[in-house]
Amino acid sequence: MGAIALRTEIPGPRSVELHARREQAVPRGPFHVTPVYIERASGVIVEDVDGNRFMDFAGGIGVLNVGHTHQRVVAQIEEQAPLFTHACFHVTPYEVYIRLAEKLNELAPIDGKKKTFFVNSGAESVENAVKIARAFTGRPAVICFEDAFHGRTLLGLSLTSKIAPYKAGFGPFAPEVYRVPYAYCYRCAYNLTHPSCETFCATHLEDAFSRYVEPAAVAAVIAEPVLGEGGFVVPPENYFRELQKVCRRHGILIIADEVQSGMGRTGRFFASEHYGLRPDIILSSKSLASGLPLAAVIGRADIMDAPDVGGLGGTFGGNPIACQSALAVLEALESENLLERAEDIGRLVKARATTWKDRFPLVGDVRGLGAMVGIELVEDRNTKKPAKEAANTVSALALQRGLITITAGTYGNVIRTLMPLVISDDELEEGLDVLESALESAGS
Ligand SMILES: Cc1ncc(COP(=O)(O)O)c(C=O)c1O
């Protein structure tokens with residue numbers, strides 16, 4: 001018997017009832033992908049309020065690398081909760097915050113001495129990284145990328161690329177933000193092909209200094225080592241090294257937004273490690289604390305110390321329960337060899353998805369780094385017209401068959417896989433069988 005077990009129509013009656021209440025009580029803005037309401041979850045399995053068991057290939061959008069309700073995570077939360085749930089690090093600091101900072105300083109691929117501080121969300125970490133980069137360099141501008149996603153706060157949104165539904169109607173945006181093409185080889189902005197292009201998009205950053213902004217005004221370049229919301233786009237291996245050379249030449253800091261690509265997802269603690277990228281600041285969140293609201297800004301010590309005392313912080317940042325949860329996540333990643341497992345999962349998913357590329361014309365591209373694999377759907381392989389509707393259909397069909405998936409991409413036409421890394425081979429096969437059958441139905 002498989003892990004998936006469906007007992008009612010999807011959505012079942014309890015979910016339908018909750019949805020009616022949701023529509024009355026909650027605005028439509030906060031979207032949700034599935035019409036089912038969760039009751040409990042464990043590992044890679046989500047059980048809804050009607051008793052249906054789904055396999056989870058979304059992980060709450062990349063937050064559950066160690067799986068739902070991991071024993072170690074739950075135990076450390078339970079250990080901390082009765083001691084104190086909040087003190088505010090700015091009032092009476094506590095050890096678990098420091099322990100986690102020390103651990104992340106050890107792990108981050110940043111040169112020299114490092115320091116870390118904590119906030120509540122990915123977007124907040126982006127905001128703070130830019131503040132710190134500005135304080136250190138005394139420069140105002142930030143360069144970001146097409147198809148990037150950096151959150152929904154004003155500066156995060158200004159750095160985010162996708163217009164609808166993220167930015168439309170929410171302007172004016174923050175100033176001194178300049179956007180250049182990313183290394184999206186499948187849809188190269190310069191119509192070139194790798195490797196004969198010699199990674200033109202990286203060295204062409206110099207062109208921005210003629211067209212958009214003088215380099216002496218640029219505090220930082222902010223980049224995702226693998227685009228998350230932008231469609232799981234993996235740059236060529238030498239891209240970031242070339243980009244880094246340009247940045248170093250002009251004294252521009254590199255902020256690696258590893259909110260989605262970090263915490264073991266790609267087979268390394270940080271995806272930057274795959275490219276030999278040595279960022280000045282790294283952002284971590286999502287899977288860092290397995291769902292408890294926590295984000296880390298990790299950076300070179302001299303850069304992190306640029307803002308004055310009191311210049312950084314927030315009431316909840318580095319909540320003790322969230323920090324305990326993060327320490328449990330780091331221990332689980334190490335003790336259960338989940339980084340190696342991420343590589344295995346990535347290999348298995350890619351191998352299977354590559355056969356889909358041979359069988360289904362809908363599948364235009366399969367790409368990924370470790371267990372961060374994206375399947376880009378197109379209406380026509382020659383024109384590469386994005387197949388957004390088909391992607392939604394695949395996701396909806398998969399749900400009807402017991403698999404939770406989410407889409408990504410500026411055109412919404414990429415199926416992304418963010419399954420917990422604790423998934424067994426049998427579970428993975430079962431989930432991929434469902435995805436395959438959904439692709440087959442959608443493409444025929
Ligand atoms: C790369 C990246 N940066 C920032 C964010 C924003 O994180 P949050 O939703 O926690 O604010 C996200 C969220 O998806 C992300 O993927």
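The cavity search on this predicted model returns one cavity of 30 Å³ or more. The space in the largest cavity amounts to about 110 Å³. Its lining comprises 15 residues, and those nearest the centre are Ala183, Cys185, Cys188, Cys197 and Cys201. Sorted by class, the lining of the largest cavity consists of twelve nonpolar and three polar residues, with no charged residues.

I turn next to a pair of helices. Helix H4, residues 95-107, and helix H13, residues 320-335, have axes that come within 9 Å of each other and cross at roughly 35 degrees. The crossing of these two helices, H4 and H13, is left-handed. On the H4 side, the contact is formed by Val96, Tyr97, Arg99, Leu100, Lys103, Leu104 and Leu107. On the H13 side, the contributing residues are Pro320, Cys323, Gln324, Ala326, Leu327, Leu330 and Glu334. Taken by class, the contact of H4 with H13 has ten nonpolar residues, one polar residue and three charged residues.

Where does Gly262 lie? Gly262 is found in the loop between strand S8, residues 253-257, and helix H11, residues 272-275. Is Gly262 buried or exposed? Gly262 has a relative accessible area of 3%, and is therefore classed as buried, the cut-off being under 20%. When neighbours within four places in sequence are set aside, Gly262 is in contact with Asn65 and Phe269. Gly262 and Lys286, 24 residues apart in sequence, have a C-alpha to C-alpha separation of 8.5 Å in space.

Technical notes. Residues are numbered from 1 along each chain as its sequence is written. This is a predicted model: local features need pLDDT of at least 70, side-chain atom pairs count only at pLDDT 80 or more; totals for chains, interfaces and linings use all residues. Side-chain values use heavy atoms; hydrogens and water are left out. On a 1 Å grid over the protein atoms alone, a cavity is a set of points where a 1.4 Å probe fits but cannot get out, and a pocket is an open set with protein on both sides within 12 Å along at least five of seven lines; lining residues have an atom within 4 Å of a point. Grid points are joined across faces, edges and corners, and a volume is the space filled by probe spheres set on the points. Ala, Val, Leu, Ile, Met, Phe, Trp, Tyr, Cys and Pro count as nonpolar, Asp, Glu, Lys and Arg as charged, and the others, Gly among them, as polar. Axes are lines fitted to C-alpha atoms, for helices over the stretch in contact, and angles run from 0 to 180 degrees between N-to-C directions. Helices (H or I, at least four residues) and strands (E, at least two) are DSSP runs, numbered from the N terminus. A crossing is left-handed if the near helix is turned anticlockwise from the far one by less than a right angle, and right-handed if clockwise. Contact means heavy atoms within 4.5 Å. Buried means under 20% relative accessible area, exposed over 50%, partly exposed in between (1.4 Å probe, protein chains only).
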